[in-house]
Amino acid sequence: MTELRSPIRIASALRAPLARQLAGLAIAITLPLTLVACGEDDGVGFAPTCPAMHIPAEVADYYNYSAKGPSFDHLVTRASITHLSGDCVSAGENEKKKNLQTRVGVHMVVRRGPAAKYDSLTLPWFVAVVHNDKIVGKHIFEQAVAFPAGSSTVAVDTRLVTVDLPIKPTNGQNDYQFEVGFQLTKTQLAYNREHGVSATFAEQ
């Protein structure tokens, strides 16, 4: 099997119009995001260029407080997306019809707060597909997290998910980009904005 890969490019900024779209995202059109395996050599002799990958700062951290309010003593969970991983390959049924396939994985650091009363939880995260500054697709995933006995912090790598874009793989730039973050409630998103939460992810 010949793998034709291009590393994902990651940036930390998100333009304001896109940030507003992500905050109130409700779309009917979604692009397929599924787990797939790398295919056989399809004759493309270069590593396709991946779309730019962004982690909006306001959705890079996940805070969950008890009903008593947002203070350290009442913190249940804090999670941070620290970096992304993935690559791009060429995929398609024949030489005349090919898609660009991007695999994406998220690395999270999850902490139990003083108010936590559990040993496991599930965190929602999303990949949104942006084309020409408009969100054209979104899929939400869930990541199970379990804390070992006596531990209050755990690092987790999500499964790799694959986004198939209906464009021909090339070694040049394309008009697509991906936005990745935690799927937050309105209250959680407002907290991050009001408290100026700084994202803890690292560019790679």
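Two residues are in contact when heavy atoms of theirs lie within 4.5 Å. Keep that cut-off in mind for this tour of a predicted model.

**Stop 1: tyrosine 176**

Select tyrosine 176, which lies in strand β11, residues 176–182. Leave out the neighbours within four places in sequence, and tyrosine 176 is in contact with Pro51, Ala52, Val129, Val130, His131, Val136, Leu165, Pro166 and Ile167. Is tyrosine 176 buried or exposed? Its relative accessible area is 14%, and buried means under 20%, so tyrosine 176 counts as buried.

**Stop 2: the whole chain**

Now show the whole chain as a cartoon. Its secondary structure comes to two helices and eleven strands. Following the sequence, you pass through the pattern β-α-β-β-β-β-β-β-β-β-β-β-α. Of the 204 residues, 47% count as buried. Switch to a surface view: the chain exposes about 10,500 Å², and carbon and sulfur atoms supply 51% of that area.

How many of the contacts between residues at least 6 apart in sequence join residues at least 24 apart? In this chain the share is 77%.

**Stop 3: colour by confidence**

Colour the model by pLDDT. The mean for the chain is 76, and 69% of the residues reach 70 or more. Which strand has the highest confidence, and which the lowest? Strand β9, residues 153–157, is highest at a mean of 96, while strand β2, residues 33–34, is lowest at 36. Select residues 23–44 next; the pLDDT is below 50 over this stretch, which has 49 contacts in the model beyond near neighbours in sequence. Residues 10–14 also stay under 50, and for them the model has 17 contacts beyond four places in sequence.

**Stop 4: helix α2**

Select residues 186–194, which form helix α2. Its buried residues are Gln188, Leu189, Tyr191 and Asn192. Why do these four lie on the same side of α2? They cover an arc of only 155° around the axis, which places them on one side. An α-helix has 3.6 residues a turn, so residues three or four places apart point the same way. Turn the view to the other side of α2, where Lys186, Thr187 and Glu194 are exposed. Past the helix comes glycine 196, whose phi is positive, near 55°.

**Stop 5: asparagine 64 and the tyrosines**

Not counting residues up to four places away in sequence, asparagine 64 touches His74, Leu75, Val76, Thr77 and Gln188. Asparagine 64 and tyrosine 191 are 127 residues apart in sequence and 10.0 Å apart in space, C-alpha to C-alpha. At 29% relative accessibility, asparagine 64 counts as partly exposed.

Show the side chains of Tyr63, Tyr65 and Tyr191, which ring pairs link into a cluster. A pair of aromatic rings is described by the distance of the centres and the angle of the planes. A search of the whole structure finds six aromatic pairs. In the pair of tyrosine 63 and tyrosine 65, the ring centres are 6.3 Å apart and the planes are at 5°, so the pair is stacked. Tyrosine 63 is buried, with a relative accessible area of 14%.

**Stop 6: charges over rings**

Select lysine 138 and phenylalanine 126. The charged end of lysine 138 sits over the ring of phenylalanine 126, 4.7 Å from the ring centre. Then select arginine 112 and tyrosine 118: arginine 112 lies over the face of tyrosine 118, at 5.8 Å from the ring centre.

**Stop 7: two loops**

Go to the loop between β7 (120–131) and β8 (134–146), where asparagine 132 lies. Asparagine 132 has a positive phi of about 55° although it is not a glycine. Aspartate 133 is in the loop between β7 and β8 too, and its phi is positive at about 65°, again without being a glycine. Aspartate 133 counts as partly exposed, at 39% relative accessibility.

Finish at arginine 159, in the loop between β9 and β10 (161–165). Arginine 159 is partly exposed, with a relative accessible area of 47%. Its C-alpha atom and that of phenylalanine 141, 18 residues apart along the chain, are separated by 9.7 Å.

Key:
Residues are numbered from 1 along each chain as its sequence is written. This is a predicted model: local features need pLDDT of at least 70, side-chain atom pairs count only at pLDDT 80 or more; totals for chains, interfaces and linings use all residues. Side-chain values use heavy atoms; hydrogens and water are left out. Buried means under 20% relative accessible area, exposed over 50%, partly exposed in between (1.4 Å probe, protein chains only). The arc is that of the directions from the helix axis to the C-beta atoms. Accessible areas come from the Shrake-Rupley method with a 1.4 Å probe; for residues, only the protein chains shown count as cover. Rings of Phe, Tyr and Trp (its six-membered ring) pair if their centres lie within 6.5 Å; planes under 30 degrees apart count as stacked, over 60 as edge-to-face and the rest as tilted. A charge sits over a ring if NZ of Lys or CZ of Arg is within 6 Å of the ring centre and within 35 degrees of the ring normal. pLDDT is the predictor's confidence in each residue, from 0 to 100.
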